[in-house]
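Work through the exercises below with the sequence and the 3D structure at hand. Try each task on your own before you read its solution.

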Amino acid sequence: MAATPSPVPNRVPHLPTAGCRPWHCLVHGVDEPEPAYVICPGCGHAYVLASDLLDAYREITDDGPLSRPADILSCPLCRHGLYPVTGIDR
Ligand SMILES: [Zn+2]
Ligand SMILES: [Zn+2]
Ligand SMILES: [Zn+2]
């Protein structure tokens with residue numbers, strides 16, 4: 001029986017499976033909601049709001065003051081580049 005993607009994101013930490021939503025966050029082990037402001041192509045973490053990205057940046061990194069989410073070019077969690085986002089590629 002082929003697994004089909006769940007209609008709702010699985011927010012309980014789990015290993016990635018074929019039943020996952022398109023974006024499985026490798027950092028938190030959960031399926032991320034879409035649409036989001038930006039989803040990291042590296043770890044799959046979704047920053048749902050621009051402010052989420054800014055908050056994560058300020059909490060995790062020590063790269064100096066940035067005030068605009070658009071200036072944050074790499075994922076604070078895994079350092080993968082966030083742009084350009086070319087869509088779901090898997
Ligand atoms: Zn998953
Ligand atoms: Zn990431
Ligand atoms: Zn995450």
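**Exercise 1.** Find what share of the contacts in the protein chain between residues at least 6 apart in sequence join residues at least 24 apart.

*Solution.* Keep in mind from the start that this is a predicted model. Among the contacts in the protein chain between residues at least 6 apart in sequence, 21% join residues at least 24 apart.

**Exercise 2.** Determine which residues of helix α1 are buried and where they sit around the helix.

*Solution.* Begin with helix α1, which spans residues 50-60 and whose buried residues are Leu-53, Leu-54 and Tyr-57. These residues cover an arc of only 95° around the axis, and therefore they lie on the same side of α1. Next, turn to the other side of α1, where Ser-51, Glu-59 and Ile-60 are exposed. Finally, look for what covers the buried residues of α1, and you will find that this includes β3 (38-39) and β4 (46-47).

**Exercise 3.** Identify the residues that touch the most other members of the largest nonpolar core, and then the elements that give two or more residues to this core.

*Solution.* The largest nonpolar core holds 14 residues, of which Ile-39, Ala-46 and Leu-53 touch the most other members. The elements that give two or more residues to this core are β3, β4 and α1, and α1 gives the most, with 3 residues. As a further step, follow Leu-53 beyond its neighbours within four places in sequence, where Leu-53 is in contact with Tyr-37, Val-38, Tyr-47, Pro-69 and Ile-72. In soluble globular proteins, nonpolar side chains tend to be buried together.

**Exercise 4.** Decide whether Arg-58 and Arg-79 count as exposed or partly exposed.

*Solution.* Arg-58 lies in helix α1, and because Arg-58 has 15 C-beta neighbours inside 10 Å, this residue counts as partly exposed. Arg-79, by contrast, lies in the segment after α1 and has 12 other C-beta atoms within 10 Å, so Arg-79 is exposed.

**Exercise 5.** Describe the backbone at Pro-35 and at Arg-79.

*Solution.* For Arg-79, phi is near 70°, a positive value in a residue other than glycine.

Methods. Residues numbered from 1 in each chain as written. Chains lettered and ligands numbered in written order. Predicted model: local features only at pLDDT ≥ 70, side-chain atom pairs only at ≥ 80, totals over all residues. Contact = placed C-beta atoms within 7 Å. Buried ≥ 20, exposed ≤ 12 C-beta atoms within 10 Å, placed from the backbone. Helix = DSSP H or I, 4+ residues; strand = E, 2+ residues; numbered from the N terminus. Arc of directions from axis to C-beta. Core = buried A, V, L, I, M, F, W, Y, C linked by C-beta atoms within 7 Å.
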